[in-house]
Amino acid sequence: MNILEIRDLHVALTESPETAIVKGLNLTIKTGEVHAIMGPNGTGKSTLSKAIAGHPDYTITGGDVLIDGKSILEMEPDERARAGVFLAFQYPSEIPGVSIANFLRAAVQARMAEGEELDATAYYKNLYSKMDLLKIDRKFTSRSVNEGFSGGEKKRCEILQMAMLEPTFALMDETDSGLDIDALKVVAEGVEAMRGDKLGVLLITHYQRLLEHIVPDFVHVMYDGRIVKSGDKNLAIELEAKGYDWVKEELSAS
Amino acid sequence: MKPPTETLAEDVVMDNPAVGIDQSSGDFQYDVKYEFDAGTGLNEDTIRYISSAKKEADWILDFRLKALKTFLDKPMPTHWATKDLENIDFDKIRYYLASGQKPKRTWDEVPDDIKNTFERLGIPEQERKFLAGVEAQFDSEAAYSNIKDIVAKQGVIFCNSTEALREHPELFRKFFGKVIPTGDNKFSALNSAVFSGGSFIYVPKGVKVAQPLQAYFRINAENFGQFERTLIIADEGSEVTYMEGCTAPKFSTSTLHSAVVELVALKGAKIQYITVQNWANNVFNLVTKRGVAHEDAEIKWIDCNIGSRLTMKYPGVVLKGKRARGEVVSIALANDGQHQDTGAKMIHAADDTTSVVVSKSISVGQGRSTYRGQVHIPKHLKGCKNNTECDALLINSNSRTDTYPAITVRGDQHATQHEASVSKVSEEQIFYMQQRGLTEAQAMSLAVNGFVNDLVRQFPMEYSVELKRLIDLEMEGSVG
């Protein structure tokens, strides 16, 4: 089992360090678990996931992020990735001229020891089996990464990358946004297929809808840079019924 | 002869990773004893020395002396080009260095120090693998020259310009200096005065040379000027692909490379000329390249410019015969401290001629790339087409790119199209790739490779692999 620990994490914008976004967040995710973080817009959900992945726009001003007891904050983004952290982007970047197959190949190669050569046949075999699993057409991999993709294609491409790179912890940033119900199902089925004791998942979502397809073990409500309420899947249903104002009211009452 | 001493690339690159163009393949130097050395500086005596060392005919000495005068008379073209040209000190350059030996026909005969140079650069391997012939030039003269029997038997001539002047004087004289006259520009005049080496190729009527011919140009001496002169004649209906590679080690003082390349594609002939240069970043690389395409002939320049302090090069095609076709595909990568001033010239001189220019430039850090294009379609012609596309990619905010396209079209029976774009590798893209486990350098390299991918696919396999490797090395060096 592996553990991702977020301890009293404080995150600010790199450009204006006085703007605190995450303000003392604690969360522990173990492999085998699916955690969902819900909350209204602007509470720091996406910032949390990007800061863990090492995005240069964000600076950690306090606290720590550890994998199996070891801090990852001194690591470059690529080192964190190779240490097992995968971020499924809300808005994935386009890389013109680089095919998905070549991009993933470079990413797989980057995880190998120096001097070790990638076995191309095995790589394609693996790639095609993952694509079948995610019901992705073979032609898809010869397209340039995310270039001209629909919202659904972009998210499917993220899930394919996740399946190929087999992370220990997947941070999924609003993977459901911009998806119609069919695309949502495909994405959810993909995540469900990968779910197991080797993967810990942090789902960041605004809506309960995704959680009907990927049923979380834990649900956390984030508000103003902190987790203010935690529970099981029923918390998500309650939230959907009562709205976020309910949490806000509860907070101000206490 | 002294044992070779080597300067290894690793030290140099480690010292200055930000500006270091990685020359790990080319950054080494051997001490070589030169039998002929024209000394530093340029005057009539230099020309006479070169000409006598090469045992040339009188007409060529006259040609050289006239060219020297033209060179001295012409001002430096700084009114439109960069002022950096003024930093070339012509008095400090050595214009001719040769070991005084004839080029060897078998690899074993090549002197060890020169052989080691080319072996480190992988020349013999390449020859065995896929080339129809190789010419390897070391400073001023060819050190090794070989053409496969099967190609020679077809009547193909492939040698260096020194040999061609001796052994094929009529053929040489008929075409030499006709495509690019001495006075075309200051540096073509300089080349005409002091040229040495370079390839001479003649492909007889109807002969299609299946495998490429290759030349390799190597500058080994400091303060040296390499002035090779290449002339390729493809007779009616023939086809040939020629590839050249260039390297020089990194010296503390500047080195000059000023070549002239003339191509003649007679009726229905096809010439493809591919350059991949990887000069150290203190080389002034000022090259004039032009071809004449006769009726139904086709000339294609593929030009990849990596490295050098300043490259000025605008391969051109004069479309002289009806339905002739000219194409320039160029890739330029300007890293810190480098300026790639490249482009293309298309001169339409007959009806129904077509020209295509595709230029992609990459500027990294303080690197600067400039596209200069000239397309000329006169009024009296009809049915001419030109398509020009120039795309620039910027990496890091300080890079600079300029585009100066000059398209002159007179008359109303032509079609021209011009497209230009500038894009930037964003921090977000780099982060995205890093998040997948690629290092920053790998991410930049992948972005650059993606940018040039559609062009590189047209290259022969070996060269596209080589180019990718050079881009990887360049990007590694540019991450601080």
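**Close-up views of a predicted two-chain model**

**View 1. The largest nonpolar core.** This core has 204 residues, and those with the most contacts inside it are Phe86(A), Leu171(A), Ile201(B), Ala234(B) and Ala265(B). Helix H11(B) gives the most to this core, with nine residues. A nonpolar core here is a set of buried Ala, Val, Leu, Ile, Met, Phe, Trp, Tyr and Cys residues joined through C-beta atoms within 7 Å. Buried means that 20 or more other C-beta atoms lie within 10 Å of a residue's own, with C-beta atoms placed from the backbone. The model is predicted: local features need pLDDT of at least 70, side-chain atom pairs count only at pLDDT 80 or more, and totals for chains, interfaces and linings use all residues. Residues are numbered from 1 along each chain as its sequence is written, while chains are lettered from A and ligands numbered from 1 in the order in which they are written.

**View 2. Around Ala265(B).** Set aside its neighbours within four places in sequence, and Ala265(B) still touches a list of residues that includes Ala234(B), Ile271(B), Ala293(B) and Ile299(B). Lys270(B), His294(B) and Glu298(B) are also among its contacts. Contact means C-beta atoms, placed from the backbone, within 7 Å.

**View 3. Where chain A meets chain B.** Here 23 residues of chain A are in contact with 19 residues of chain B. Helix H2 (77–82), strand E7 (95–99), helix H3 (100–110) and helix H5 (151–165) of chain A each supply at least two residues to the side that touches chain B. Helices (H or I, at least four residues) and strands (E, at least two) are DSSP runs, numbered from the N terminus.

**View 4. Helix H3(A) and its buried face.** Ile100(A), Phe103(A), Leu104(A), Ala106(A), Ala107(A) and Ala110(A) are buried in H3(A). Looking down the axis of H3(A), these buried residues fall within an arc of 155° (from the directions between helix axis and C-beta atoms), so they line one face of the helix. They pack against H2, E7, helix H4 (120–133), strand E8 (144–145) and H5 of chain A, together with helix H11 (440–456) of chain B.

**View 5. A four-stranded open sheet in chain A.** The strands run in the order E2-E1-E4-E5, with antiparallel pairing. At the edges are E2 (20–30) and E5 (70–71) of chain A, each pairing on one side only. Strand E1 (residues 3–13) of chain A pairs with E2(A) over eight bridges, and Leu4(A) stands opposite Ile29(A) in E2(A). Strands count as paired if DSSP finds at least two bridges between them.

Note on methods
Two residues are in contact if their C-beta atoms, placed from the backbone, lie within 7 Å. A residue is buried if 20 or more other C-beta atoms lie within 10 Å of its own, exposed if 12 or fewer, and partly exposed in between; C-beta atoms are placed from the backbone.
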